[in-house]
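I set out to read a model from its overall fold down to a metal site and a single loop residue. These are my notes, in the order in which I looked things up.

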Amino acid sequence: MKQDNCIFCKIANGEVPANTLYEDDRFRVILDLGPATRGHALIIPKDHYKDLFELPEETAGDVMKLAKRMIMKMREKFKCEGFNLVQNNGDLAGQTVFHFHLHLIPRYGADGQKIGWKPQEVTPEELAEVRSQFVD
Ligand code: 5GP
Ligand code: ZN
């Protein structure tokens, strides 16, 4: 399940080199080429899935288990104080490589990065309307 011309298929399967922190038969964890902070890594499945919508549920669970193991060891080795896990789906959401990946971003005091959003004002009625659209 590889896609021609997909850079992460090539990296995950060892055809293109990357700085690998971890590898098993299903996943590779590499250092991001344009890191937000020191040690910024990506969990990449070896099989090609475009995004979380396409990723099988069981694999999604395994990605999070691997993320847990990775950040425990990264915290110890890199001496970071926190982590952001970021996962973009779709170009509108900032996805630039269309092969599922989960960002593991170590956070250090005064690292100068800001990962977040601008909170919007919302009324209780608007929240209830959103809920009813989902739950109905
Ligand atoms: P996205 O914006 O799709 O969530 O994240 C894509 C990430 O992949 C970016 O942080 C970018 O720096 C990283 N990236 C893109 N191409 C390569 C590459 O060839 N090698 C590595 N190691 N990282 C890459
Ligand atoms: Zn791919």
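**Conventions.** I am working with a predicted model, in which local features need pLDDT of at least 70, side-chain atom pairs count only at pLDDT 80 or more, and totals for chains, interfaces and linings use all residues. Residues are numbered from 1 along each chain as its sequence is written, chains are lettered from A and ligands numbered from 1 in the order in which they are written, and side-chain values use heavy atoms, with hydrogens and water left out.

**Overall fold.** I looked up the secondary structure and found three helices and five strands in the protein chain, arranged along the sequence as α-β-β-β-α-β-β-α; helices (H or I, at least four residues) and strands (E, at least two) are DSSP runs, numbered from the N terminus. The C-alpha trace spans about 50 × 40 × 25 Å along its principal axes. Of the 136 residues, 32% are buried, where buried means under 20% relative accessible area, exposed over 50% and partly exposed in between, with a 1.4 Å probe and protein chains only. For contacts (heavy atoms within 4.5 Å) between residues at least 6 apart in sequence, I noted that 55% join residues at least 24 apart.

**The sheet.** I then traced the five strands, which form an open sheet in the order β1-β2-β3-β5-β4 with antiparallel pairing; two strands pair if DSSP finds at least two bridges between them. Because β1 (20-23) and β4 stand at the edges with a single partner strand each, one side of each is left without a neighbour in the sheet. Neighbouring strands are turned by 20 degrees against each other on average, direction ignored; the axes behind such angles are lines fitted to C-alpha atoms, for helices over the stretch in contact, and angles run from 0 to 180 degrees between N-to-C directions. Helix α2 (residues 57-78) packs on this sheet and touches β1, β2 (27-31), β3, β4 and β5, its direction making about 20 degrees with that of β5.

**Strand β5.** I checked both neighbours of this strand: β3 (residues 41-45) is joined to β5 by three antiparallel bridges, with L104 as the bridge partner of A41, while β4 and β5 pair over five bridges, also antiparallel.

**Zinc site.** Which atoms coordinate the zinc ion (ligand 2)? I found C6 (SG), C9 (SG), H48 (ND1) and H99 (ND1), at 2.0 to 2.3 Å; donors are N, O and S atoms within 2.8 Å of the metal (3.2 Å for Na, K and Ca), and water is not among the atoms, so sites may look incomplete. The angles among the four donor atoms are 105 to 116 degrees, and the site is tetrahedral, a label that needs all angles of four donors to lie between 85 and 135 degrees. The donor residues are spaced C-x2-C-x38-H-x50-H in sequence. C6, in the segment before α1 (7-12), and H99, in the loop between β4 (82-86) and β5 (102-107), are 93 residues apart, and the pair links distant parts of the chain. Both C6 and H99 are buried.

**Loop residue T37.** Is T37 buried or exposed? T37, in the loop between β2 and β3, is buried, with a relative accessible area of 6%. Leaving out residues up to four places away in sequence, I listed I105, P106, R107, Y108, D111 and Q113 as the residues that T37 touches.

Technical notes: Tetrahedral: all angles 85-135°; square planar, octahedral: opposite > 155°, others 65-115°.
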